[in-house]
Amino acid sequence: MESRKKGTILLHAWTLQRLGNEHYIPNTHWIYLNEIINYYDNIILLSPVKVLDYSDKIDGHAISHLKNVSVYPLPFTSGGYISSLKYFFSYLKAYRNLKNIDTYYARYPVPFGWLQKVYGKSSKRIIHYVGDPIDAAEKNPNFSWIKKTILINGFKLENSFYTWACKEAKVFTNGHHIAEKLAKKNIQATALVSSTLTDNDFYFKEKNINPTEARFIYLGYLRTAKGVETIIKAFGMVQRKIPNIKLTVIGGGEFDTKLKSICNENNFRNIDFLGHIDDRLVINNLFREGDIFLFGSLSEGSPRVILEAMANGLLIISTPVGSLPKTFVDNEEIIFANFNDVEDFKNKIISIIYDNDKYNFVRKKGFEKIKDFTIKNFIKSIFYEA
């Protein structure tokens, strides 16, 4: 471990849950937090907190035993930036009240993270772009032009404040395409490949794919912008020709009911919806039982799930979204399919399941490529040098 940094960091990044006096953090952010604590004496989580009752399901890990971590709670909202507007003064009060902060970190697009520019002028400041809400709205095929216009224009002011806050801050992005957009605004950002991989996540087994019983997996939110509908329709077309193939869908979201309706209306079979799974060991085991990971997302920064699937020996068929085209070589380390293109996904699936040589070549090259894309290296890039 590198020599530890001294001082206090304010992390304006994640939503927490609270039951009684205990706060809980989701598994992915738990992995991040356990790396970040190695670089600072004190960590303050500035977080919206969802208060649970004892009938609710807890999603994540308790943090009370992390003695150098404290929580400054903010009002909880489930609708993102727009629904947070009514709580602006709660955020303002938090930044006013929190003193003696050596480093400020804001995970764009968390609401009002740009306040670090106002209250942290003499401190180190980090702004980390993990996604692009404007790009996501523009590319969402299920949004009307009216909804797109409202969402994009409604976020422009917040986005401009973040642009202003980037001046004199250390700026990182999940993916090169976001860094390139910021460069047009004269903001120099370091592009990163986001990762939560640990040594236990790497697993590769020599095998051949059986085209008549191929196993496909999707993991992620069930939202329109994730392109899951494209994946399901493409799989369904292949499944009509090869009845025993199987698709496992891991994740939850507002599109869940619609996707299940699509399956029923089209008589797609062998599609299992497992819902949200937070246990990394369970997910890794599901990956290791599969053959091909399908990803149809329309807008991403640096999709961690691609690395997680590759680390477990899966071949990836994905849209060329976010950082992927700058990170991986098509037809060597990954296979790209067109956005919103059911036919192209179907053709790519059929082509690869009948070509064991290419199947093993691509998945092995992908596995070798990501060996250095670990959580330790990712967190070090942000918090050790900044």
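The structure is a predicted model, in which local features need pLDDT of at least 70 and side-chain atom pairs count only at pLDDT 80 or more, while totals for chains, interfaces and linings use all residues. Residues are numbered from 1 along each chain as its sequence is written, and side-chain values use heavy atoms, with hydrogens and water left out.

A search of the whole structure finds 15 salt bridges, a salt bridge being a side-chain nitrogen of Lys or Arg within 4 Å of a carboxyl oxygen of Asp or Glu. One of them joins the side chains of R280 and D201, with 3.1 Å from N to O. R280 belongs to helix α10 (residues 280–289), whereas D201 sits in the loop between β10 (189–192) and β11 (215–219), so this pair ties together parts that are 79 residues apart in sequence. Helices (H or I, at least four residues) and strands (E, at least two) are DSSP runs, numbered from the N terminus. Both R280 and D201 are buried, where buried means under 20% relative accessible area, exposed means over 50%, and partly exposed lies in between (1.4 Å probe, protein chains only).

Another salt bridge brings together the side chains of E229 and K233, at 2.9 Å from N to O. These two residues are 4 residues apart in helix α8 (residues 228–241), so about one helical turn separates E229 from K233. K233 has 29% relative accessibility and therefore counts as partly exposed.

K371 forms a salt bridge with E368, their closest N and O atoms being 3.3 Å apart. K371 is partly exposed at 40% relative accessibility, and E368 is partly exposed with a relative accessible area of 41%.
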